[in-house]
Amino acid sequence: MSTIVYPAAQQTRSVTARHASSTVRAADGSTAGSHRMRLTRRGRLVLTVLATLLTLGTASFAVQAVADQPWQPDPSVVVVVAPGETLWSIATGIAGDRDVREVVADIQNLNGMASSDLVAGQELRLPSGS
């Protein structure tokens with residue numbers, strides 16, 4: 001038995017705590033938790049739709065992540081800049097059918113160049129297929 005004292009009113013009240021069993025039994029005598037849960041047709045349909053939506057959502061994020069990555073040419077050729085060579089002359093030599101301005105931009109991006117200035121002896125990576 002426990003005693004609770006309320007200081008404001010200075011009253012004493014007795015409380016008796018009891019512990020009861022909370023096992024629920026079915027009419028046939030078995031406990032309530034012993035039966036397997038069964039999904040209805042609607043429940044299976046809902047789970048299938050949720051799994052499909054989750055798969056499609058994951059796939060769309062993966063496609064978007066790949067699409068957001070900038071194109072980086074594969075560096076396969078390294079050249080050493082000769083005295084008097086310019087970025088434009090090197091790009092003209094490897095451009096082929098492409099626009100020389102695009103090739104110059106690719107070389108600058110590939111080498112992290114802020115300007116088109118070159119120094120004799122400098123190594124340049126060129127876009128693959130060059």
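Arg 101 counts as exposed at 57% relative accessibility, where exposed means over 50% relative accessible area, buried means under 20%, and partly exposed lies in between, computed with a 1.4 Å probe on protein chains only. The partner of Arg 101 is Asp 99, and the closest N and O atoms of this salt bridge are 2.9 Å apart, the term denoting a side-chain nitrogen of Lys or Arg within 4 Å of a carboxyl oxygen of Asp or Glu. Asp 99 itself is partly exposed, with a relative accessibility of 31%.

Elsewhere, salt bridges that share partners join Arg 98, Glu 102 and Asp 106 into one network. Arg 98 forms a salt bridge with Asp 106, with the closest N and O atoms 2.5 Å apart, and the side chain of Arg 98 also meets that of Glu 102 in a salt bridge at 3.9 Å, N to O. A search of the whole structure finds three salt bridges. In general, side chains of opposite charge can pair when their charged atoms come close.

The model is predicted, so local features need pLDDT of at least 70 and side-chain atom pairs count only at pLDDT 80 or more, while totals for chains, interfaces and linings use all residues. Residues are numbered from 1 along each chain as its sequence is written, and side-chain values use heavy atoms, with hydrogens and water left out.
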